[in-house]
Amino acid sequence: MASGQSGAELRVRAAVSGEGEGRVETGVPALDHLLSLLARYAAFRLELEVEPGAPAAEVTAAGRALGQALRPQLRERGARGHGSAVLPQDEALAQVVVEASDRPLVVANVDLSEARLGGLGGDVIADFLRELAEGAGLTVHVRLIEGQSPQHALEAIFKALGASLGQACQATQRKE
């Protein structure tokens, strides 16, 4: 189990336990839903609480804390350290590839700046991904292959992100 804290304003625990359960309270219900999807598709047990504050700050704090909690698991001896997934949400189809590279970077072909997440601009998702990458030391590639609905696009992205992170934390299979 990994834990991360950033001052007194948040608590996060993430375990690659195979349970796929999330108890997420960021103060932004739409983000809570997306992070619960991430936990389910990653097969993580995720507990994340962010003290109420400015919603945009809550989103970035959640991304950073989750990344910091996953960092040791991504680098554990025998962990794959990389993962890739393509997943749908209705008409949307997203691909996410992650690598524990220690060179934090997010590359995406999707512009969600016009989308709204719980009343916040969609660019907060870019901020979340950037903070996750920084906290975990990840290179993250996001491709929206298809999708008209911003909500469906976000759900497809977070499903694929979860599956990719789950793969990256899994032990590699060694042939004897």
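## Strand pairing, a pocket and an aromatic pair

β7 and strand β10 (residues 138-146) run parallel and share four bridges. A108 has its bridge partner in β10, namely V142. The model is predicted.

**The sheet.** β7 and β10 belong to an open sheet of four strands. The strand order is β5-β6-β10-β7, and the pairing is mixed. Strands of a sheet pair through backbone hydrogen bonds, either parallel or antiparallel. Which strands sit at the edges? They are β5 (82-89) and β7, each of which pairs on one side only. From one strand to the next, the twist averages 10 degrees.

Strand β3 (residues 21-25) pairs with strand β4 (residues 45-50) in the parallel sense, over five bridges. R23 has E47 as its bridge partner in β4. Between the two strands the chain passes through helix α1 (residues 29-42). Is this β-α-β crossover left-handed or right-handed? It is left-handed.

| Strand pair | Bridges | Bridge partners |
|---|---|---|
| β7 and β10 | four bridges | A108 and V142 |
| β3 and β4 | five bridges | R23 and E47 |

**The largest pocket.** The space in the largest pocket is about 190 Å³. Its lining counts 15 residues. Nearest the centre lie A108, V110, I125, A126 and L129. Two elements give two or more residues to this lining: β7 (105-108) and α3 (123-136). Helix α3 supplies the largest share, five residues.

**The aromatic pair.** How many aromatic pairs does a search of the whole structure find? It finds one. The partners are F128 and F158. A pair of aromatic rings is described by the distance of the centres and the angle of the planes. For F128 and F158, the centres are 5.6 Å apart and the planes make an angle of 40 degrees. That geometry is classed as tilted. F128 lies in helix α3, and F158 lies in helix α4 (residues 150-169), so the pair ties together parts that are 30 residues apart in sequence. Helix α3 is also the element that gives five residues to the lining of the largest pocket.

Methods:
Residues numbered from 1 in each chain as written. Predicted model: local features only at pLDDT ≥ 70, side-chain atom pairs only at ≥ 80, totals over all residues. Heavy atoms only, no water. 1 Å grid on protein atoms, 1.4 Å probe; cavity = no way out; pocket = protein on both sides within 12 Å on 5 of 7 lines; lining within 4 Å. Points joined across faces, edges and corners; volume = space filled by probe spheres on them. Pairing = 2+ DSSP bridges. Axes fitted to C-alpha atoms, helices over the stretch in contact; angles between N-to-C directions. Right-handed = clockwise from strand over helix to strand, strands pointing away. Phe/Tyr/Trp six-rings, centres within 6.5 Å; stacked < 30°, edge-to-face > 60°.
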